[in-house]
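I opened the model to note what I could look up in it, chain by chain. My entries follow in the order in which I made them.

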Amino acid sequence: MSEPKTQGYLDMELLRFSTAGSVDDGKSTLIGRLLYDSKSIFEDQLQAVKEASKRLSGSDEVNLALLTDGLRAEREQGITIDVAYRYFATPKRKFIIADTPGHIEYTRNMVTGASNADVAIILIDARNGIIEQSKRHSYVASLLQIPYVIVAINKMDLVDYSEAVFNKIKEEYNKIDKKLNLKNIIFVPMSALDGDNVVEKSKNMPWYNGPTLLELLESLPVRKNENELPARFSVQYVIRPYSDEFHDYRGYAGRISGGVLRVGDAITVLPSKTKSRIVAIDEGQKSLSEAFTPQSVTIRLADNIDISRGDLLVKTTETQPMVNANISALICWLNHRPLNVGGKYIIRHGTDEIRGIIKEVHYKVNINTLENIKDDKTIKMNDIAHVSMKTMKPLKYDSYSQNSVTGSLVIIDEYTFETVGAGMIVADIEDMSFNI
Amino acid sequence: MSNSKLTHLKELESESIYVLREVAAQFERPALLFSGGKDSIVMAYLAYKAFYPAAIPFPFVHIDTGHNFEETITYRDKLIQKLGAKLIVGSVEDSIAQGRAVEEKGFNASRNKLQTVTLLDTLEKYKFDAALGGARRDEEKARAKERFFSHRDEFGQWNPKNQRPELWNLFNGKKQMGEHFRVFPISNWTEMDVWQYILQENIPLPSLYYTHEREVFERDGIIYAALPAISRRETEKIEIRRVRCRTIGDITCTGLTLSTADSLEDIIEEIASSRITERGGRADDKRSEAAMEDRKKEGYF
């Protein structure tokens, strides 16, 4: 068995992708296939799965789905209750899979799993074509503005590897996309069970000249353009050593969430609008001349100004973020207790934590039909809605479509402290990028 | 622009440092659980980097089963001194002496499970509200669903069905009185990432990770160190072999690997071609298929 020599690859890129679909679509088989063909499954794991397959079904057939069903509670009930993370590497890249279940009640898991994804894989059973669930998954991908969507049309072996079936589904999907405005859609016909077009090119579908799934995952760009965005730096923590050696050291620690910062840059601190200049960018004991998204660094400024956690540093010469206490956002509700319109919540945004009120629900989205509902405004778990909020202090934000870090927030219940909602900020109610 | 794309190691490091700083900012009394294994060593270096030039703003907590390899303890004390950190030791032996925990009997007796009692007692004694751990999601299937910020109830228990959703980079560490969090900054690292990072950053490791000659014996296909902490059956013969540790736990649950790897490059090569997971040699996971899930629910690391 030839193994990838990993030693030489200290400088690979990391790609995060999400998968959504039910067991019936062959999602677990697909993941099992990716892990297996990239040699990321070890013998003891395979042995454990063989034993479990035998115990559960009494057959000698290895059920690859068991590789991805983690908890005993899930295996007993034959369901997946939560997002699971899987890891594999090829000599070209490292991958993190956020594997989410596709049941109707788990929109919240799909949103969670997809929130950091560069690519979303949507599985469609070639025999069934586009079903409600495919629309739901596609809607979530569009809501989170995932840069690339791979529509994996699976089980081609069961439709005689028919190009006509593939084209028909493709056409149907493009019709839905007119409502969704997905950024980039790529269609791949495959059979995960036999491995056709997963890692190896299919011999059964000579009519398909495109890349295999793995070739796509190895080549699609990772977080495109993030360094071209206006620079954003939320202060996480103020570093003050108070030691003899570093007596006057005052550094602002945080993670760059857009753009590039360089020593010498003129910066503005928000919300105070105080101005200063970067004199040093520290990373541990090293000093850098510039730092990129999403690097964690410590910034030192020319002036001693009052800056604390939650403040935002931006470049004075670049496009400024919004500073406003009236926020318009699309939210996904994550909790079994419905949204309380007029109720107070804690809003976590960047490194800020501010109290706020959800003032109004404008509409709710029926993600099965992709239609807006305006007459029923009760927001329950897994619902997606467009709301207006008002925060006690202004937030410093960009719209989610411009910057997913400074444009996202979570809503926390004031009493239980649970995370009850996830929000994507829209510039204003009329922002068309979200309207369907 | 020289290299505007971060490498996977840089990106993982950056994510972990972000999480460590969130913990320092969001909690009143965090602590870093330090076992002396490579994952907690990487955590210690990341913490040093995250707050430099200030001191690491939380103490290290070592739950000592009393069955540790001597090398682990020597290494631990040296590292603590080098990083200028504060160390708190929770002793399983004390928990046993106080009647808080009962020693297992028999040849496979281990204090692994008893650690949970000592851990929870130590967290309680010092009123820690967040315990940082070096667990990784690729290690074990129950861990694949773990959050960065893992909520524990007042009994220290993990309820997999009631974890808070985690989106983007927004971590919610708010809690009721008595509740606390386990936080796992290196959740997204794989075993290979950890080794590559150790190589890249030139981090010194306990000698146990490199090949050495040692008296060992074999039980159920796993090679153990022949040391007084494990009672041996008469049929289990002592041999001298060239071995190294792929993971380090306490003596009773650490399986050794036959290996001649004496450099980080060799170790990485060996892991790249290994067909067994690193926990494949961990006796604590072999107890049942859901051994980790069960221990986590009780409040294990």
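**Chain B, overall.** I first looked up the elements of chain B and found eight helices and ten strands, where helices (H or I, at least four residues) and strands (E, at least two) are DSSP runs numbered from the N terminus. This is a predicted model, in which local features need pLDDT of at least 70 and side-chain atom pairs count only at pLDDT 80 or more, while totals for chains, interfaces and linings use all residues. Residues are numbered from 1 along each chain as its sequence is written, and chains are lettered from A and ligands numbered from 1 in the order in which they are written.

I noted that chain B averages a pLDDT of 86, with 88% of the residues scoring at least 70; pLDDT is the predictor's confidence in each residue, from 0 to 100. Among the elements of chain B, helix 1 has the highest mean pLDDT (97) and helix 8 (residues 291-298) the lowest (65). Where pLDDT is low, the predicted coordinates should not be read in detail. For the complex, I took down an ipTM of 0.91 and a pTM of 0.91 from the predictor.

In which order do the six strands of the open sheet in chain B run? I read the order as 3-2-1-4-6-5, with mixed pairing, where two strands pair if DSSP finds at least two bridges between them. Strand 3 (87-91) and strand 5 (149-152) of chain B are the edge strands, each pairing on one side only. Strand 1 (residues 30-33) and strand 2 (residues 60-64) of chain B are parallel and joined over two bridges, and B:Leu33 has B:Val61 in strand 2 as its bridge partner.

**Helix 6 of chain B.** Next I checked helix 6 (residues 191-201) of chain B, whose buried residues include B:Val194, B:Trp195 and B:Ile198. The buried residues of helix 6 pack against helix 1 (8-26), helix 2 (38-51) and helix 7 (264-272) of chain B. B:Asn202 follows helix 6 and has a positive phi, near 55 degrees.

**Strands of chain A.** I then turned to strand 18 (residues 352-366) of chain A, which pairs with strand 17 (residues 344-349) in the antiparallel sense over six bridges. In the hairpin of strand 17 and strand 18 of chain A, with two residues between the strands, A:Gly350 takes a positive phi near 60 degrees. Strand 18 of chain A also runs antiparallel to strand 20 (residues 384-397), to which eight bridges join it, and pairs with strand 19 (residues 371-373) of chain A, again antiparallel, over three bridges.

What stands opposite A:Lys364 in strand 20 of chain A? I found A:Ala385 there, whereas in strand 19 of chain A the residue opposite A:Lys364 is A:Ile373. My last entry is the hairpin of strand 18 and strand 19 of chain A, which has four residues between the strands and, in the turn, A:Leu370 with a positive phi of about 60 degrees.

Methods: Buried ≥ 20, exposed ≤ 12 C-beta atoms within 10 Å, placed from the backbone. Contact = placed C-beta atoms within 7 Å.
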